[in-house]
Amino acid sequence: GGGAVCIFSLAEADVLVDLVGAFAPNGLSYVPTDPVRLVDTRDDDRPVDPGTGVEYDLGALGLDARAAFVNVTAVGHTTAGYTSTFACDQLPDTSTLNQFVGQVAANGAIVPATPQGSSCAWMLNGGHLAIDLSGWWVP
């Protein structure tokens with residue numbers, strides 16, 4: 001309440017919290033959908049190269065989206081790293097998910113879109129990436 005957030009850990013832990021946005025009472029409307037696969041680099045066996053990313057187009061789905069709710073999954077990475085999601089204009093200093101060798105890592109994210117309707121995902125150390133759309137925000 002009042003803008004405060006509480007975090008609890010059963011065991012001693014270092015905690016990092018990144019603020020990536022806020023909701024206003026008269027802002028955008030959320031439209032949920034059944035999951036739609038936007039990206040899967042396993043389809044053509046072309047993993048994301050280290051230090052690069054992929055762009056996906058929400059406009060191609062006929063959406064006038066200002067932001068999207070996506071599930072981002074990293075698979076097949078050979079070194080630990082992280083993935084960031086963003087509106088393709090400037091890579092943020094925050095991670096959407098952290099990857100460990102031998103584990104599939106997945107996380108939900110609210111990602112802003114460019115005025116043209118695109119969003120991006122970037123991987124520090126590369127690997128395969130799957131991105132599923134679960135909903136979007138429209139004016």
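In which sense do strand β4 (residues 81-86) and β7 pair, and over how many bridges? The pairing of β4 and β7 is antiparallel and spans four bridges.

The model is predicted: local features need pLDDT of at least 70, side-chain atom pairs count only at pLDDT 80 or more, and totals for chains, interfaces and linings use all residues. Residues are numbered from 1 along each chain as its sequence is written, and side-chain values use heavy atoms, without hydrogens and water.

**View 1. β7 and its strand partners.** Strands are DSSP runs of E, at least two residues, numbered from the N terminus; two strands pair if DSSP finds at least two bridges between them. Met 123 in β7 is the bridge partner of Thr 83. β2 and β7 also pair in the antiparallel sense, over six bridges. There, Gly 53 stands opposite Trp 122.

**View 2. The two sides of β7.** Ser 118, Cys 120 and Trp 122 point one way. Ser 119, Ala 121 and Met 123 point the other way. In a regular strand, side chains alternate between the two faces of the sheet.

**View 3. The largest nonpolar core.** Such a core joins buried Ala, Val, Leu, Ile, Met, Phe, Trp, Tyr and Cys residues through side-chain atoms within 4.5 Å. This one has 23 residues; among those touching the most other members are Val 54, Tyr 56 and Leu 129. β2 (52-57), β3 (67-75), β6 (105-112), β7 (118-123) and β8 (128-138) each supply at least two residues. β8 gives the most, with five.

**View 4. Surroundings of Leu 129.** Contact means heavy atoms within 4.5 Å. Beyond neighbours within four places in sequence, Leu 129 contacts residues including Val 39, Val 54, Thr 83, Ala 121 and Met 123.

Notes:
Buried < 20%, exposed > 50% of the residue type's maximum accessible area, 1.4 Å probe, protein only.
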